[in-house]
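Reader: Please show me the chain. I would like to go through its packing and contacts.

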Amino acid sequence: MSNSETWLTPAAYHKLQEEYDTLTTKGRNHMAMRLAEARAHGDIRENADYDAAKTEQGLMEARIRKLRHLLDNSTVSEPGSHDTVQISSVVTVREDDGYEEQYLVAVPENKVPGYLLASPDGPLGSALVGAEVGDEVTYQAPGGTFSVKVVAIMPFEG
């Protein structure tokens, strides 16, 4: 898990809490029934249904652990105004070809329709954090080295 600050909007926190509650109640009950049914099919050493259910259970428990970590280790707040790019900023950048894009700088759990996401753990997001309007930032991505100019910064209003 990332060591960087995890900022969540109240809406994102609520959504993650609902998912956690559902997985730890209905999800676990469903998985227990599914495992019991698969066990009833016979020898578990040669039981594909049982193996599939155990794999699904492991993935669900991993998601539960991740959600618990996020819920316990997040800053939940409405964003403030910033003169520099911070986690929770909406940043408008201009690419070399003049094309402009808006990014929400936040962890993926904050993804909202209408904004591209620049994770602070990713190449663009980490390059943007701390930048000011007028700064040109360069970052290395799998497709090569790219530069963008910061043309506007505003707090996220969701």
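Author: In helix α2, the buried residues are Y50, A53, M60, I64, L67, L70 and L71. Buried means under 20% relative accessible area, with exposed over 50% and partly exposed in between (1.4 Å probe, protein chains only). Helices (H or I, at least four residues) and strands (E, at least two) are DSSP runs, numbered from the N terminus.

Author: The model is predicted: local features need pLDDT of at least 70, side-chain atom pairs count only at pLDDT 80 or more, and totals for chains, interfaces and linings use all residues. Residues are numbered from 1 along each chain as its sequence is written, and side-chain values use heavy atoms, without hydrogens and water.

Reader: What covers the buried residues of α2?

Author: Contact here means heavy atoms within 4.5 Å. By that test, the cover includes β1 (7-8) and α1 (10-39).

Reader: Which residue's backbone nitrogen does a side-chain oxygen of N47 reach at the start of α2?

Author: α2 covers residues 48-72. The N47 oxygen comes to within 3.1 Å of the backbone nitrogen of D49.

Reader: Is T92 buried or exposed?

Author: T92 lies in strand β3 (residues 89-95). Its contacts beyond four places in sequence include Q102 and V150. Its relative accessibility is 12%, so T92 counts as buried.

Reader: Where does the charged end of R68 sit?

Author: A charge sits over a ring if NZ of Lys or CZ of Arg is within 6 Å of the ring centre and within 35 degrees of the ring normal. For R68 the distance is 4.6 Å from the centre, over the ring of Y20.

Terms used
Expected span 1.5 Å × (residues − 1). Polar contact = N/O pair within 3.5 Å; in protein donor to acceptor, adjacent residues only side chain to side chain.
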